There are 2 protein chains.
Amino acid sequence: MSKLLSDLVEALRCLPGVGGKSAQRMAFHLLERDRERGLRLARVLDEAMRQIGNCSRCRNFSETPVCALCSSSGRDRQVLCVVESPTDLAAIEQATGYRGQYFVLLGRLSPLDGLGPRELGLDLLVERLGEGEIEEMIIATNPTVEGEATAHYLAQLARAAGVKPTRLAHGVPLGGELEYVDRGTLAHAFGSRHAAD
Amino acid sequence: MSKLLSDLVEALRCLPGVGGKSAQRMAFHLLERDRERGLRLARVLDEAMRQIGNCSRCRNFSETPVCALCSSSGRDRQVLCVVESPTDLAAIEQATGYRGQYFVLLGRLSPLDGLGPRELGLDLLVERLGEGEIEEMIIATNPTVEGEATAHYLAQLARAAGVKPTRLAHGVPLGGELEYVDRGTLAHAFGSRHAAD
């Protein structure tokens, strides 16, 4: 196999779930049948890796300083949903009819991994809660041990700012990850959220 | 989801076996955890799509006019193995101890698809057989109807040039594709190839 071809196979293995055999099939497929789309992928991938940063307001991925969702006039500014990752945000957007705004932690409280309130941008969140617009904060962290601890901490922050914290309803399986829950379950859990304990 | 991010998800779907959900996971994974390798993939992919052509001697993928395998002094020039695709060549290289040379058809005889002797580069193959160096031509087309018809035609070409045509041994499952055969079976079939009928 030529140097460039084996480089391509190796490079494709950076994709999650892609091993040596799949990477080889992908490389051959693009070379044999789909060079145009391969070139397009290269271009878009390069642009995305360079230009996508984080929204200064909600910390979600965005190629503009403030993301489209934060600057939209069509979203309810009284409700803020806090999620661990952009993937969770995407899952909620796709599964539920939620029309409020978001805040993305980009992680969860995990002192052993060096993830504290500062790394999760909680100063930004407190500032946002202090603006006085938000009435309800929906805590949608993952139902794992660390996610639950983070949720507990977030609920305290909300109460301290006079904002009502709520949690997703039971229905989300414990020990799992939000992004893998089927849409129906996620929509149900989102709809029957309850006051945080 | 931002425009650039949804463009990236869409572009990733050009990869075989990657649907919407996988593409989204890949995009988020690269953005959250692996931008360096994402950039590298973009660069290598672009280079590969632009620079990889076909070897003028064996028609395999190559970024040089004559590929490394054809110009290697370590390969036996008395044996030529004919395969349908670069993927099949890679499978044989990885599974067997074959040390001869190759010829890649980049297809199989299929008149309805407009694939005739010219499209498969058979003029180049006849010229190569006429050079007088080759003593055995191993026909390793897929064991499908079209592959068998192609094999029959190739055997005639070999005989006309005074070259002994051989086929892979029985053991390759009929109706399948070479690249999916496990290494052991493929190595066995390659080792016990027999004279073409």
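Because the model is predicted, local features need pLDDT of at least 70 and side-chain atom pairs count only at pLDDT 80 or more, while totals for chains, interfaces and linings use all residues. Residues are numbered from 1 along each chain as its sequence is written, chains are lettered from A and ligands numbered from 1 in the order in which they are written, and side-chain values use heavy atoms, with hydrogens and water left out.

**Chain A as a whole**

Chain A holds eight helices and seven strands; these are DSSP runs numbered from the N terminus, with helices (H or I) of at least four residues and strands (E) of at least two. Its C-alpha atoms fill a box of roughly 65 × 35 × 35 Å, taken along the principal axes. Of the 197 residues in chain A, 52% are buried. Here buried means under 20% relative accessible area, exposed means over 50%, and partly exposed lies in between, using a 1.4 Å probe and protein chains only. The accessible surface of chain A comes to about 9100 Å², and carbon and sulfur atoms own 51% of that; areas come from the Shrake-Rupley method with a 1.4 Å probe, and for residues only the protein chains shown count as cover. Take the contacts (heavy atoms within 4.5 Å) in chain A between residues at least 6 apart in sequence: 56% of them join residues at least 24 apart.

**Two helix pairs**

Two packed helices are described by the angle between their axes and the distance between the axes. In chain A, the axes of helix H1 (residues 3-12) and helix H2 (residues 20-33) come within 8 Å and cross at roughly 125 degrees. That angle makes H1(A) oblique to H2(A). Axes are lines fitted to C-alpha atoms, for helices over the stretch in contact, and angles run from 0 to 180 degrees between N-to-C directions. Angles under 35 degrees count as roughly parallel, over 145 as roughly antiparallel, 65 to 115 as roughly perpendicular and the rest as oblique.

On the H1(A) side, Leu5(A), Leu8(A), Val9(A) and Leu12(A) make the contact, and they meet Gly20(A), Ala23(A), Gln24(A), Met26(A), Ala27(A), Phe28(A) and Leu31(A) in H2(A). By class, the residues in this contact are nine nonpolar, two polar and no charged. For these classes, Ala, Val, Leu, Ile, Met, Phe, Trp, Tyr, Cys and Pro count as nonpolar, Asp, Glu, Lys and Arg as charged, and the others, Gly among them, as polar.

H1(A) is mostly covered, with seven of its ten residues buried: Leu4(A), Leu5(A), Asp7(A), Leu8(A), Val9(A), Ala11(A) and Leu12(A). Their cover includes H2 of chain A and, from chain B, helix H3 (35-51) and strand E2 (61-62).

The other pair is in chain B, where the axes of helix H5 (residues 86-95) and helix H8 (residues 183-191) come within 9 Å and cross at roughly 90 degrees. H5(B) is therefore roughly perpendicular to H8(B). Ala91(B), Ile92(B), Gln94(B) and Ala95(B) of H5(B) make this contact with Arg183(B), Leu186(B), Ala187(B) and Phe190(B) of H8(B).

**Single residues**

| Residue | Relative accessible area | State |
|---|---|---|
| Gln101(A) | 3% | buried |
| Thr87(A) | 7% | buried |
| Arg59(A) | 15% | buried |
| Leu106(A) | 34% | partly exposed |
| His152(B) | 47% | partly exposed |

Gln101(A) sits in strand E4 (residues 100-104) of chain A. Not counting residues up to four places away in sequence, Gln101(A) touches several residues, including Leu69(A), Cys70(A), Arg75(A) and Arg128(A).

Thr87(A) belongs to helix H5 (residues 86-95) of chain A. Beyond its neighbours within four places in sequence, Thr87(A) contacts Glu179(A), Phe28(B) and Glu32(B). Thr87(A) and Glu179(A) are 92 residues apart along the chain, yet their C-alpha atoms are separated by 6.5 Å.

Most residues other than glycine have a negative phi. Arg59(A), in the loop between strand E1 (53-54) and strand E2 (61-62) of chain A, has a positive phi near 70 degrees. Leu106(A), in the loop between E4 and helix H6 (122-130) of chain A, has a positive phi of about 55 degrees.

Finally, His152(B) is part of helix H7 (residues 145-160) of chain B.
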